[in-house]
Amino acid sequence: MQSGCVVIVKDFHPPQVIDGNGSTITWKGGNKQPFNQVDVNGNLVGYTTSVSYQNLILNGPVKAKSKFSEFDSCHAINYADGYARNITFNGWINGFRAFGNTFADEIYADEIRNAIWSERNNNNHVRNVKGGWIAGDVIVCYSQLSSVAEIDVEYAGVIPADTEETGASRIGWGCLVSTGQDGYADQTKDVRISNIKCKWHGGGGIIIGGERVSVGGVIDLGDAYRPSFAARQLAIWLSGTDNTIGDVRIGQTQGVLQLQSGATRCNLGRIFVGKQ
């Protein structure tokens with residue numbers, strides 16, 4: 001199905017489920033998002049509440065090489081108080097933006113300019129994610145009581161060589177998982193991350209900040225993607241308080257670790273480096 005119309009969901013209870021039964025929606029609406037909601041006062045809200053999504057293939061107009069500013073509102077699903085299961089994203093700025101009390105499982109994404117999944121407003125959970133080319137931070141955590149598990153992507157935070165960006169935006173600053181960045185360090189607490197891997201990473205492998213964030217299980221950050229040309233391309237950036245990272249495997253890399261100023265009671269396991 002091809003669509004240029006925004007799907008409006010009226011705000012009422014009980015909760016609703018949008019079940020695509022395996023159908024494909026190809027978004028033709030340009031720099032907008034396909035799902036919105038009208039609240040009880042008739043105001044358009046930028047994310048749905050008490051709406052869940054399953055068995056959908058969502059194709060958008062974005063490429064990993066696209067200029068961010070041209071598609072900065074082209075998010076596939078913005079939601080709160082719901083779940084998402086068996087969703088495929090192709091061609092979006094962001095796959096999910098989770099706004100509290102959400103769960104996502106069995107997700108595949110490719111040609112994503114920013115993130116597959118980013119969260120805020122607490123209690124968001126994602127697992128079983130596979131991805132192709134993701135140009136920004138694959139997974140982004142900004143709040144409390146969230147969990148991330150079983151993440152496996154090919155390119156994590158890598159800007160393609162044929163990017164349409166100019167200037168500093170051409171540099172691959174992204175990573176596989178980031179927590180507590182962009183001014184959200186104080187809000188990011190009690191996050192659990194396990195079993196994450198990528199084949200290539202951009203500016204970083206994992207960038208961990210906040211408080212009581214733990215990263216464990218299999219942590220395989222692959223190789224630094226050389227054409228990214230990040231000024232400081234490090235596999236691990238660690239800051240915050242009482243944060244823990246387990247054993248890490250790194251392939252070829254320009255740099256291994258930066259312990260940021262102010263890091264307090266942070267723990268790091270063994271690091272296995274293939275080649276520097």
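Guide: We begin with a definition: rings of Phe, Tyr and Trp pair if their centres lie within 6.5 Å. Keep in mind that this is a predicted model.

Visitor: Which residues form one aromatic cluster?
Guide: Look for Phe and Tyr rings that pair up. One aromatic cluster is formed by F35, Y53, Y79, F89 and F96.

Visitor: How many aromatic pairs does a search of the whole structure find?
Guide: The search covers the whole structure. Its count of aromatic pairs is 10.

Visitor: Are the planes of Y53 and Y79 stacked or edge-to-face?
Guide: The two ring centres are 6.1 Å apart. Planes over 60 degrees apart count as edge-to-face. The planes here stand at 80 degrees, so the pair is edge-to-face.

Visitor: How many residues apart in sequence are the parts that Y53 and Y79 tie together?
Guide: Y53 is in strand β7 and Y79 is in strand β8. The pair therefore ties together parts whose separation in sequence is 26 residues.

Visitor: Are Y53 and Y79 buried or exposed?
Guide: The cut-off for buried is under 20% relative accessible area. Both Y53 and Y79 are buried.

Visitor: What are the distance and the angle for the rings of W200 and Y225?
Guide: This pair is edge-to-face. W200 sits in strand β17, while Y225 is in the loop between β20 and β21. The ring centres are 5.7 Å apart and the planes are at 85 degrees.

Visitor: Which residues have the most contacts inside the largest nonpolar core?
Guide: The largest nonpolar core has 55 residues. Those with the most contacts inside this core are L58, I77, I87, F89, F96, W117 and L176.

Visitor: How many residues are in the second, separate core?
Guide: This second core includes A135, Y155, I159 and Y225. Its number of residues is seven.

Visitor: What is L176 in contact with, leaving aside its neighbours within four places in sequence?
Guide: The list includes residues such as V138, I139, I151, V153 and A156. Further along the chain, it also includes I196, K197, C198, G204, G205 and L221.

Visitor: How many salt bridges does a search of the whole structure find?
Guide: Again the whole structure is searched. The number of salt bridges is 10.

Visitor: How far apart are the closest N and O atoms of D162 and K65?
Guide: The two residues are 97 residues apart in the chain. D162 is in the loop between β15 and β16, and K65 is in the loop between β7 and β8. A salt bridge needs a nitrogen within 4 Å of a carboxyl oxygen. Here the closest N and O atoms are apart by 3.9 Å.

Visitor: Which strands hold D152 and K130?
Guide: These two residues form a salt bridge, with the closest N and O atoms 3.7 Å apart. They are 22 residues apart in the chain. D152 is in strand β15 and K130 is in strand β13.

Visitor: Is R265 buried or exposed?
Guide: R265 meets D242 in a salt bridge, at 2.8 Å from N to O. D242 is partly exposed, with a relative accessible area of 26%. R265 has a relative accessible area of 54%, so R265 is exposed.

Definitions and conventions
Residues are numbered from 1 along each chain as its sequence is written. This is a predicted model: local features need pLDDT of at least 70, side-chain atom pairs count only at pLDDT 80 or more; totals for chains, interfaces and linings use all residues. Side-chain values use heavy atoms; hydrogens and water are left out. A nonpolar core is a set of buried Ala, Val, Leu, Ile, Met, Phe, Trp, Tyr and Cys residues joined through side-chain atoms within 4.5 Å. Buried means under 20% relative accessible area, exposed over 50%, partly exposed in between (1.4 Å probe, protein chains only). Contact means heavy atoms within 4.5 Å. A salt bridge is a side-chain nitrogen of Lys or Arg within 4 Å of a carboxyl oxygen of Asp or Glu. Helices (H or I, at least four residues) and strands (E, at least two) are DSSP runs, numbered from the N terminus. Rings of Phe, Tyr and Trp (its six-membered ring) pair if their centres lie within 6.5 Å; planes under 30 degrees apart count as stacked, over 60 as edge-to-face and the rest as tilted.
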